[in-house]
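Here's a quick tour for anyone opening this one up for the first time.

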Amino acid sequence: MDIDDCSISSIYFYGVAKMTYNWCHGPKCHAYTTQSRVRGSKGNKVLRTIKIKETNWNKDNIFKYFCNQNCLYNFLHKHLEEVARIAPRREPLETPIKDPVKNENNYWNRWTIAKKEVDNV
Ligand SMILES: [Zn+2]
C-alpha cells in the first residue's frame with residue numbers, strides 16, 4: 001500500500017464518502033461574538049472560526065471557504081495585493097460590439113448594445 005492508497009482509504013469508510021469541511025478563511029472570523037462561534041467547556045469558552053461543510057450548493061463556489069460575505073471581504077482587504085498578483089490585468093480586455101442603437105421609445109432612453117457574433121471559422 002503506497003501513500004495514495006492511504007489517502008483514498010481515509011476519504012472513504014465502508015464506501016461512504018466522508019464530509020469535507022473547511023475552516024472559514026476570514027481573518028477575523030474567530031473574533032465575532034455570535035453564539036455559533038462559542039465552543040469549549042464551562043469556564044474555558046472560546047470564540048472559534050466557523051467550520052464550513054461542503055455541500056452541493058457551495059462545492060463549486062467561494063462560500064466553501066468563507067462563512068459569509070463579511071469574512072470574504074475581510075480576507076480580500078487583508079490580502080488585496082497578493083490576490084491581484086494571482087492574475088494581473090495589465091491591459092484592458094475588449095468585446096467586439098455592433099454600433100449601439102438608441103431606443104427612443106424606451107422610458108429610460110437606453111441604448112441597445114449587442115455583442116458581435118464571434119466567427120471561429
Ligand atoms: Zn467566517
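Let's begin with Pro 96, which counts as exposed because it has 8 C-beta neighbours inside 10 Å, and the cut-off for exposed is 12 or fewer. Keep in mind that we're looking at a predicted model.

Where does Pro 96 sit? You'll find Pro 96 in the loop that links helix H3 (80–86) to strand S7 (101–102). Setting aside neighbours within four places in sequence, Pro 96 is in contact with Lys 115 and Lys 116. Then there's Glu 117: it is 21 residues away from Pro 96 in sequence, yet the C-alpha to C-alpha distance is 8.4 Å.

Now for the core. Which residues make up the largest nonpolar core? It has seven: Cys 24, Cys 29, Ile 52, Phe 66, Cys 67, Cys 71 and Phe 75. Take Cys 71 as a way in: leaving out neighbours within four places in sequence, its contacts are Cys 24, Gly 26, Cys 29 and Phe 66.

Stepping back to the whole protein chain, there are three helices and eight strands. Read from the N terminus, the order is α-β-β-β-β-β-β-α-α-β-β.

Here are some percentages for the protein chain:

| What is counted | Value |
|---|---|
| Buried residues, out of 121 residues | 7% |
| Contacts joining residues at least 24 apart, among those between residues at least 6 apart in sequence | 41% |
| Residues with pLDDT of 70 or more | 83% |

And how confident is the predictor? The mean pLDDT of the protein chain is 87. Over residues 1–10, though, the pLDDT is below 50, and that stretch has one contact in the model beyond near neighbours in sequence.

Conventions
Residues are numbered from 1 along each chain as its sequence is written. This is a predicted model: local features need pLDDT of at least 70, side-chain atom pairs count only at pLDDT 80 or more; totals for chains, interfaces and linings use all residues. A nonpolar core is a set of buried Ala, Val, Leu, Ile, Met, Phe, Trp, Tyr and Cys residues joined through C-beta atoms within 7 Å. A residue is buried if 20 or more other C-beta atoms lie within 10 Å of its own, exposed if 12 or fewer, and partly exposed in between; C-beta atoms are placed from the backbone. Two residues are in contact if their C-beta atoms, placed from the backbone, lie within 7 Å. Helices (H or I, at least four residues) and strands (E, at least two) are DSSP runs, numbered from the N terminus. pLDDT is the predictor's confidence in each residue, from 0 to 100.
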